[in-house]
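Trainee: I am new to this structure and would be grateful for a close look at its aromatic pairs. Please take me through them in one connected account.

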Amino acid sequence: MTSAMNSAMNSYSKSSDTTRILIVDDEPHIRSGLAKGLEKVVDVIDTAGDVNEALDRIDEHQYQVVIADIRLPGDRDGLDLVSLLAERSPETTVLVLTAHGTVETAVDAMRRGAFDFITKPVDLNLIREQVAKALGHQRLRHENFALKSRLAQAGAIGEIIGNCTVMQELFSQLRQVADTDATVFIQGESGTGKELIARALHDLSSRSKGPFIAVNLGAMPESLLESELFGHEKGAFTGASRQKPGCFEQARGGTLFLDEITEIPAKSQVDLLRVLETGRFNRIGGETMIESNARLVSATNKDPLALIEDGSFRDDLYYRLNIVPLHIPPLRKRRDDIPMLIEHFVNHFCDRHHREPKQFTDAAIEKLVNARWPGNVRQLRNAIERLVVTHIGDTIDVQHLPAELETKSAAATAPLRTLVEATEDAEKQAIQVALEACDFHREKTAKLLAVSVRTLHYKMSRYGLH
């Protein structure tokens, strides 16, 4: 957010208890009629007859809403005023009036920053509704600004929100490794935000001005994978009608994010390993070696060591990728962050879908906090968006929450833990006991537990056993 926007929003916060609007129209009877019709909706109403007079008013006062006619006298019209307000008072919501409006004019006004448009002759009931909606939009923007300020103080990074200890530790790791070229291996369940972490690494690095290329390897047919990663020359195969650069080439000077890395087939694993070892590759059908200077970040929602042991993933590739491991906790491990996430998603989707601001009751928030969320933050985000779009009214209570949360919430609050949590806790305890029994000798501990030393190292790192 720019310093101009920060200053404007600070001014707004100081005057938000008093609603003040400006009506700009060259016809006095329209100005007085609108002012009379809106006097019960807002506290203070000012008027102006042209753009210059309107700008003088804007220099003197902070307006939540400006209502401006498209056709105004002088060398600047209402569309020009919309553009000027977007620069000089970006926190102000603009409604435009037109008696000569066309679809093109309305689209132009919206493109320049207008919130909505109203055709003449004006229906006072309609304009009261539009002004109320615009004021609601203003409140929502102010709440978004306040939330972003709190998130910045809490240490949120980009779109990643979290104030609990485990997330703060993750943020610290991100800041430490972001501005390096080390390959990063991100692990986390589906829906935890692995791509957001990869983007944060990119944005915090000196590569931030370069491209960020994301590829989901799990969703890509094997026959297209090599071409997608390394590109091809014209005529390299049937249908190759032109030269095509691959992702490694497109990401030069930036970051290449390979999601679901453990899904790639054996041959592609060999090709990828060669690039990591030599820093070079060639397009399909090409003979010229191309230097790769893209930073590689990869991610998976699976246990790579289990895949190595069953032979489906190469151990040498894993160790090349796993220079810096990052683990994203599931939402059930960071329940204290859920109220802040709810607030963030509510404000985001109210703004995105032009909905009135909505509040969750304490009981509804408690139920959401205690739900299991097998789909993690993605599932919570989708649930909040659905509620924002479909719920009528400004208060969301327990009975309005998605029905599928009923059994999940009950399971989460029952004395028994989820199977995943119980298994993880039991595994951690078993490793701890075995380490102590073997005087922390890792080879003996691995033999006692009937696992490889490599697997033991991974598990110790995952559970913080040092």
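Mentor: A residue counts as buried when its relative accessible area is under 20%. Please keep in mind that this is a predicted model.

With that cut-off in hand, we may turn to the aromatic rings. A pair of such rings is described by the distance of the centres and the angle of the planes. A search of the whole structure finds seven aromatic pairs. One of them is formed by Phe230 and Phe248, whose ring centres lie 5.6 Å apart with 10 degrees between the planes. Planes under 30 degrees apart count as stacked, and the pair of Phe230 and Phe248 is accordingly a stacked one. Phe230 belongs to helix 9 (residues 222–230) and Phe248 to helix 10 (residues 247–250), so this pair ties together parts that are 18 residues apart in sequence. As for accessibility, Phe230 has a relative value of 5% and therefore counts as buried. Phe248, at 2%, is buried as well.

A further pair joins Phe345 and Phe349; here the centres are 6.5 Å apart and the planes make an angle of 35 degrees, which is a tilted arrangement. Phe345 has a relative accessible area of 6% and so is buried. For Phe349 the relative accessibility is 0%, and this residue too counts as buried.

Beside these pairs there is a cluster: Phe185, Tyr318 and Tyr319 form one aromatic group of this kind.

Some features of the backbone complete the picture. The peptide bond between Lys120 and Pro121 is cis, with omega about -5 degrees. Pro121 is placed in the loop that runs between strand 5 (116–119) and helix 6 (124–154). In the loop between helix 6 and helix 7 (165–177) one finds Ile161, which is buried at 4% relative accessibility. Ile161 and Ile338 are 177 residues apart in sequence, yet their C-alpha atoms are 9.5 Å apart in space.

Glu260 has a positive phi, near 55 degrees, although the residue is not glycine. Glu260 sits in the loop between strand 10 (255–259) and helix 11 (266–278) and is buried, with a relative accessible area of 14%. Asn376 likewise has a positive phi, near 60 degrees. Asn376 lies in helix 16 (residues 376–390), and its relative accessible area of 0% makes it buried.

Methods
Residues are numbered from 1 along each chain as its sequence is written. This is a predicted model: local features need pLDDT of at least 70, side-chain atom pairs count only at pLDDT 80 or more; totals for chains, interfaces and linings use all residues. Side-chain values use heavy atoms; hydrogens and water are left out. Helices (H or I, at least four residues) and strands (E, at least two) are DSSP runs, numbered from the N terminus. Buried means under 20% relative accessible area, exposed over 50%, partly exposed in between (1.4 Å probe, protein chains only). Rings of Phe, Tyr and Trp (its six-membered ring) pair if their centres lie within 6.5 Å; planes under 30 degrees apart count as stacked, over 60 as edge-to-face and the rest as tilted.
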